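Colleague: Thanks for making time for this. Could you put the model on the screen, so that I can ask about it piece by piece?

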Amino acid sequence: MTHQRPTVRRAAGVSLAVLALASACTKHDLLAPQPGSDALPAMEQRPIQAPELSILKASSPSIATCGASSVYPLTNGTRTIGSVTVSNDASNIFVTYATPTAYWWISDTRLAVEKSAALIPKDGSGNPNPWSFRNIGEHEPPITSFTYMIPLTRVGVVAGQTAYVSAMAGVIHPVVESEAGLEGGWEWMVMWGVGNTPTTTKSVVHAYPVASCGGTAPLPPPPAPPTAGGVITITFDDGYATVHKNAFPVLQSLGIKGNLAVNPIPIDQQWGSYMRMAQVQEIYNSGWSVVSHTMDHKDLTTLSAAAMEAEIRDAKAWIIARNFGPAEVFIVPFHSWGSRERAMIAKYHKYARGRTIDEFWPERYEPWPIRQPLDLTSYEPEYAPWRTAQGRAETMTKVKHAVDNGLFLDLLFHQVQDADLATFRDLMTQVAAYKSNIRTWKEVVQ
Ligand SMILES: [Zn+2]
């Protein structure tokens with residue numbers, strides 16, 4: 001029942017400027033369009049390791065936006081293997097790359113969002129030059145979806161105005177598109193992005209009308225940086241017995257409280273590695289929150305509408321019947337959801353955590369106080385990993401960022417094994433330095 005590993009990893013401490021420079025040095029000559037030519041960049045062969053298929057996400061992030069989204073093909077003019085979706089909320093423009101086509105993955109993304117078409121960097125032929133775009137992502141391992149979140153204030157546009165978008169992706173795919181061929185040669189292909197259809201090969205800059213979110217007045221200036229600090233929650237998903245045995249005593253000894261996101265079926269049926277009801281009750285009685293994670297942790301996107309509703313509805317009823325809670329909070333299994341699941345979750349819950357911060361660039365934290373309660377994000381120290389000093393430092397960077405910038409962050413854990421107890425205690429001791437910023441879900445929803 002563990003969650004899928006986050007798909008987007010970026011080397012710690014390496015600035016995007018450095019990545020951009022390195023990329024420009026190593027790839028420019030190979031990929032630049034031929035001057036004066038309509039030809040698309042040629043394909044390139046380079047050895048790339050196959051991604052671990054189990055860590056690739058199947059669905060792209062679902063975010064609360066207003067107005068209609070613009071969806072463009074991600075294509076090289078010959079073959080379309082995905083899409084680029086542009087949408088906005090009151091504060092940001094979101095650009096989501098997605099490759100749902102089997103065996104095609106994104107290894108690089110480059111994005112320009114500007115207030116005029118003239119501001120999009122161009123090469124000598126007048127074509128967009130992605131090597132000079134402001135937003136650059138290198139995705140190792142490669143990904144199936146990725147979302148950039150660009151503040152409207154950074155683009156310099158407000159609702160009712162137009163932003164100009166140019167997006168591209170380097171994609172990889174095995175030459176032989178079958179399970180049997182996955183060990184074979186791999187091909188890296190540049191896909192010139194949005195709107196680059198066979199009939200409009202040069203239309204790679206698109207005007208995007210920024211939708212008004214509940215009003216026609218210009219957006220207010222961004223709020224002043226908060227001084228009160230952000231809020232951290234600590235949530236243990238799935239209800240494993242190791243949380244009662246190892247994590248709970250550590251947090252108790254440090255004087256901080258966490259949360260459980262549980263599935264009733266493993267508890268009620270007393271599955272082997274899961275907590276018993278008395279243990280859940282003991283933890284809840286100590287002041288932790290106990291929130292819903294569905295009845296038995298199925299991937300909601302694979303269920304019929306009726307089955308999906310039952311997973312969500314019945315788990316909430318279970319939480320309420322046992323006096324746990326808060327019942328307003330829902331943790332999305334596998335972080336797998338789309339618009340259909342989101343609508344059903346919203347029918348029963350006000351708050352949802354269903355993404356990690358590193359599925360977005362910049363990393364996406366919800367502001368505190370919370371403005372979009374269905375869009376809460378987490379960070380999972382398991383993959384830092386917390387077992388190393390460097391991983392603990394990485395986690396503390398995220399915690400400090402949230403606290404210092406008035407943001408909300410849920411620290412997400414699953415198991416705390418005996419072998420990891422000492423390093424877990426070390427991490428939690430550092431987290432406990434922010435004790436006044438740590439809340440339970442019950443305190444968050446008040
Ligand atoms: Zn889970």
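Colleague: Which residue in S13 does Val-262 stand opposite?

Modeller: Keep in mind that this is a predicted model. S12 and strand S13 (residues 289–292) pair in the parallel sense, over four bridges. Within that pairing, the residue opposite Val-262 is Ser-292.

Colleague: And on the S11 side, what stands opposite Phe-236 in S12?

Modeller: Strand S11 (residues 231–237) runs parallel to S12, and three bridges join them. The chain gets from S11 to S12 through H3, in a right-handed β-α-β crossover. Opposite Phe-236 stands Leu-260.

Colleague: Which residues of S12 point the other way from Asn-259 and Ala-261, and are they buried or exposed?

Modeller: Strand S12 covers residues 259–262, and Asn-259 and Ala-261 point one way from it. The residues pointing the other way are Leu-260 and Val-262, and all of these residues, on either side, are buried.

Colleague: Let's go to helix H9. Why do its buried residues lie on the same side?

Modeller: H9 spans residues 421–431, and Phe-424, Leu-427, Met-428 and Val-431 are buried there. They sit on the same side of H9 because they cover an arc around the axis of only 95 degrees.

Colleague: Which helices do those buried residues pack against?

Modeller: One of the partners is H3, the helix on the path from S11 to S12. The buried residues of H9 pack against helix H3 (241–254) and helix H8 (389–404).

Colleague: How much of strand S5 is buried?

Modeller: S5 runs through residues 105–114 and is largely enclosed by the rest of the structure. It pairs in the antiparallel sense with strand S6 (residues 135–143) over five bridges, where Leu-111 stands opposite Asn-135. The count of buried residues in S5 is 10 of 10.

Colleague: What is the bridge partner of Ile-106 in S8?

Modeller: S5 also pairs with S8, in the antiparallel sense and over nine bridges. In S8, the partner of Ile-106 is Val-171.

Colleague: What does Ile-93 touch?

Modeller: Leaving out residues up to four places away in sequence, its contacts include Val-86, Asn-88 and Val-113.

Colleague: In the open sheet of five strands, which strands stand at the edges?

Modeller: The order is S2-S3-S4-S7-S16, with mixed pairing. Each edge strand has a single partner, so one side of each is left without a neighbour in the sheet. Those edges are S2 (66–75) and S16 (360–361).

Colleague: And what is the bridge partner of Val-84 in S4?

Modeller: Strand S3 (residues 80–88) and strand S4 (residues 92–98) run antiparallel, and six bridges join them. The partner of Val-84 is Tyr-97.

Colleague: Is Asn-323 buried or exposed?

Modeller: Asn-323 lies in the loop between H6 and S14. Its phi is positive, about 65 degrees, although it is not a glycine. With 9 C-beta neighbours inside 10 Å, Asn-323 counts as exposed.

Colleague: Then His-335: buried or exposed?

Modeller: His-335 is in the loop between S14 and helix H7 (339–348), and its phi is also positive, near 50 degrees. With 22 C-beta neighbours inside 10 Å, His-335 counts as buried.

Key
Residues numbered from 1 in each chain as written. Predicted model: local features only at pLDDT ≥ 70, side-chain atom pairs only at ≥ 80, totals over all residues. Contact = placed C-beta atoms within 7 Å. Buried ≥ 20, exposed ≤ 12 C-beta atoms within 10 Å, placed from the backbone. Helix = DSSP H or I, 4+ residues; strand = E, 2+ residues; numbered from the N terminus. Arc of directions from axis to C-beta. Pairing = 2+ DSSP bridges. Right-handed = clockwise from strand over helix to strand, strands pointing away.
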